[in-house]
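Have the sequence and the coordinates open as you read.

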Amino acid sequence: ENVCGCPATACKCCAVIRRQWYQDFCIGAGRRPLHFLELVAQANGDPLPLKGVLAALRDSGHLPDLNARRGRRLPLIVFAAAAELWEVVRFLLGVKEVSPSTLLQAPEAALAPLDVIRLAEERGQMTATLEPSESLGCYFERLFHGQLLGPELAPAGWKYENHSWSCSGAGPCVLDCMLRMGDALPGAEETGVAFVAIEQSELNLARVKLADSECKMLPLNLHKRPASMDAACLDGDACLPVLLPLSYLQQNAGGREDQFLLVVPMNRIPTPRISRMTCLTVTVLTPCCGEPLKDVPIFIANRRHGSTDEKGRWQLGLPPGSFTVTSPQHCRTEAKIVVEPGSASMEVNLEASAEIFLYMKDMSGPESGSEKDGLFLCTGVDAIPDDDNEDSPAAPFCGTASLDGCTQIPPGRVVTNFPPVLELSRLGRCGEVLQQIPHRLQISPSDNRPCEMNEELTTWFMEFSGDCIIKLLSQPIRVANLMGRRSVQPSSNTVPANDQKMIGEAAVAQQPADVAVVVAAPVVAP
């Protein structure tokens, strides 16, 4: 900032230089095909040079908006996707200043491998609601508003254990419950969450009553109890979070400004009502036989909360509010539910998709004496192994397939690196389809390589012909070998032609051959 030795704010020359430097850095003024950050993104190194550049900019307070589109200049992560710099894209998805929606909403996302899309979606689902509460009172107010929160969204310093909260510094134990007094409603004026002090014996009684699902009211008289809007300011062993009219709180004479006395008006009940969570049970079933599926991730309000168990079920307590239950990439349907205060237990069934996937894996080796790819079949995209720590990573199958009882999925319906090839159409007769796989499955690779079916599977498929095909093939099985060397396929072979044209027009021009980029030590912003 101090280019000529003068104070930066007093020197017009420095201001002009800074403005020009900023244009070269992230705008690329004039006819420059790439600006500096784009040049650094294309530079190779371990660690990535871009990592050191962004760290230096962050430390000096000069990090620009990485999600902004400046004229025809794409955001940095979209530029990297258009250039198919996937290591750079993966790195940028881990940068807190980069929004994953910038990539997911861009047409260049169709070029991305499956693991990159998953990473962006997971990051987007986490950041969508991952704003920690400013205080524990704000945390409970969000619960009363129907937000589905977890311990990770509690304010800093508070720890959740044994259905209660404790502060690492000081303060009483706060019971994890939702209590109401008077006519308090979430979001109403002059209403808030206060923490009311109780004794240790009363805390034990409250735990017992909360465990009783039939108990509607906590048998504790809270009239003239010490209270505060900040739980850490209370003295004693324990306290209860209560949503109440703020008129119930009176300044305690001779006490601290942050401590009050809870005074219940006459003709009002001094015992708090219990606002219970409603138990939601989600079951994922196959569309053909209604068989439960395990290990299917469940999302509520665009956030993953768990996976189904061995019985295909998953349970969670929900506060009053409206929620959408989904399972992306596993179920095409979604369920919208409304939880009313005092609602009984609710059950939701999600129907799994009937899609069938094919992928390849290099099976060449000294034992085989020839080059070949194993062709694997499965009924869930999660079953396809990731590239990490794999000597021969999975590759998408390029070609077509046909099987009696199944319909072909048109190219481009699902834009992903591992698109489904077939879809089960005989939903009530999946056992017959299962028996036909060794003999009737027709494989037509786009590179016209010979296909040798795995004849050893005939007995295996006959033995399990009574099982559900969607459930049985949730784990991959090798159905054939594609003989010969694999031809190199274009990275965008799963993108429809119209999308390819659109992506090609939006792609940023590559760096000219006569321009060399050298990135050495971390760059410090002037």
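## Ground rules and overall picture

This is a predicted model, so local features need pLDDT of at least 70 and side-chain atom pairs count only at pLDDT 80 or more, while totals for chains, interfaces and linings use all residues. Residues are numbered from 1 along each chain as its sequence is written, and side-chain values use heavy atoms, with hydrogens and water left out.

The protein has 13 helices and 26 strands, taken as DSSP runs (H or I of at least four residues for helices, E of at least two for strands) and numbered from the N terminus. Of its 526 residues, 44% are buried; that word means under 20% relative accessible area, with exposed being over 50% and partly exposed in between (1.4 Å probe, protein chains only). Contacts here are heavy atoms within 4.5 Å. Among the contacts with a separation of 6 or more, 65% are between residues 24 or more positions apart.

## Helix α3 and its partner

Start with α3, residues 49-60. Its 12 residues reach 17 Å from the first C-alpha to the last, close to the 16 Å expected at 1.5 Å a residue (the expected span being 1.5 Å times one less than the number of residues). Which residues of α3 are buried? They are P49, L50, V53, L54, A56 and L57. Because they cover an arc of only 160° around the axis, they sit on the same side of α3; the arc is that of the directions from the helix axis to the C-beta atoms. As background, an α-helix has 3.6 residues a turn, so residues three or four places apart point the same way.

In the loop between α2 (36-42) and α3 you'll find P47, and the peptide bond from D46 to P47 is cis, with omega near 10°. Just after α3, G61 takes a positive phi of about 75°.

Now bring in α5, residues 86-93. The axes of α3 and α5 come within 10 Å and cross at roughly 30°, which means that α3 is roughly parallel to α5. Axes are lines fitted to C-alpha atoms, for helices over the stretch in contact, with angles running from 0 to 180 degrees between N-to-C directions; under 35 degrees counts as roughly parallel, over 145 as roughly antiparallel, 65 to 115 as roughly perpendicular and the rest as oblique. Where they meet, L50, K51 and L54 in α3 touch V88, F91 and L92 in α5.

## Helix α8, wrapped up

Why is α8 (residues 136-144) called largely enclosed by the rest of the structure? Because seven of its nine residues are buried. Those are L136, G137, Y139, F140, R142, L143 and F144.

The cover over these buried residues includes β1 (158-161), β2 (164-167), β3 (173-175), β4 (179-180), β5 (191-198) and β7 (238-245). After α8 comes G146, with a positive phi near 95°.

## Two non-glycines with positive phi

E84 has a positive phi of about 60° although it is not a glycine. You'll find E84 in the loop between α4 (76-82) and α5, where it counts as partly exposed at 32% relative accessibility.

K224 also has a positive phi of about 60° without being a glycine. This one is in the loop between α9 (200-211) and β6 (225-228), and at 56% relative accessibility K224 counts as exposed.

Is H330 buried or exposed? With a relative accessible area of 13%, H330 is buried, and its place is in the loop between β15 (321-326) and β16 (335-339). Leaving aside neighbours within four places in sequence, H330 contacts V296, P297, A352, S353 and D382.

E351 belongs to strand β17 (residues 346-351) and, at 44% relative accessibility, is partly exposed. Not counting residues up to four places away in sequence, E351 touches L285, P287, C331, R332 and T333.

C451 lies in strand β25 (residues 451-453) and is partly exposed at 28% relative accessibility. C451 and L482 are 31 residues apart in sequence but 4.7 Å apart in space, C-alpha to C-alpha. Beyond neighbours within four places in sequence, C451 is in contact with I443, A480, N481 and L482.
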